[in-house]
Amino acid sequence: MKHTDILYFSKAHIWILLENTTGTIGITAFAQSELGEMVYVDLPAVGDTFEQDEVFGSVEALKTVSDLFMPVSGEVVAINETLVSHPKLVNEKPFKEGWMIKIQITNLDELSNLLSQDEYQNFIH
């Protein structure tokens, strides 16, 4: 994925790609490399709403389960159904086919609580 000003990161290792008021969400390459091979992804239903920092799902790797925290408040408008049968896409292509959900953002001001790509790189190193 190319660095752009519309890609944000949370300290909970979630990325969000902003397109107008819709956000595509997934876990970072760093997070998936730390967790290991994904074997199961638990995602919410379309229409579910979440507040910033609320748990919206989880990922299960071979040896651990990790909660997924919503980077900004919003309503789920799409889920990546492919991950149900191919959870390894989270490992193989976390910024492409490994995306998890798309949300309609309800509070754009919350984006200011997130990190830029450079800030995230400094955070994990």
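Modeller: Begin with the secondary structure, and keep in mind that this is a predicted model. The protein chain has four helices and nine strands.

Colleague: Which pattern does the protein chain follow along the sequence?

Modeller: Read in that direction, the pattern is β-β-β-α-β-β-β-β-β-α-α-β-α.

Colleague: What radius of gyration does the protein chain have, and what would a compact globule have?

Modeller: The idea is to set the value against a rule for chain length. A compact globule with 125 residues would have a radius of gyration near 14 Å, and the protein chain, at 13 Å, agrees with that. As for extent, the C-alpha trace spans about 35 × 35 × 25 Å along its principal axes.

Colleague: How many of the residues are buried, as a percentage?

Modeller: Of the 125 residues in the protein chain, 42% are buried.

Colleague: Now the charges. Where do the positive and negative ones lie on average?

Modeller: The protein chain has 7 positive and 19 negative charges, and their mean positions are 12 Å apart.

Colleague: How many salt bridges does a search of the whole structure find?

Modeller: The general idea is that side chains of opposite charge can pair when their charged atoms come close. In this structure the search finds two salt bridges. One is between E37 and K88, whose closest N and O atoms are 3.4 Å apart. This pair links distant parts of the chain, 51 residues apart. E37 sits in the loop between α1 (29-35) and β4 (38-42), while K88 sits in the loop between α2 (82-85) and α3 (89-92).

Colleague: And which side chains meet in a salt bridge at 3.9 Å, N to O?

Modeller: Those of E97 and K93.

Colleague: Why does E37 count as partly exposed?

Modeller: Partly exposed covers the range between buried, under 20% relative accessible area, and exposed, over 50%. E37 has 35% relative accessibility, so it counts as partly exposed.

Colleague: What are the relative accessible areas of E97 and K93?

Modeller: E97 has 38% and is partly exposed. K93 has 39% and is also partly exposed.

Definitions and conventions: Residues numbered from 1 in each chain as written. Predicted model: local features only at pLDDT ≥ 70, side-chain atom pairs only at ≥ 80, totals over all residues. Heavy atoms only, no water. Salt bridge = Lys/Arg side-chain N within 4 Å of Asp/Glu carboxyl O. Helix = DSSP H or I, 4+ residues; strand = E, 2+ residues; numbered from the N terminus. Buried < 20%, exposed > 50% of the residue type's maximum accessible area, 1.4 Å probe, protein only. Rg over C-alpha atoms; globule rule 2.2 N^0.38 Å. Lys, Arg positive; Asp, Glu negative; His and termini not counted. Charge placed at Lys NZ, Arg CZ, Asp CG, Glu CD.
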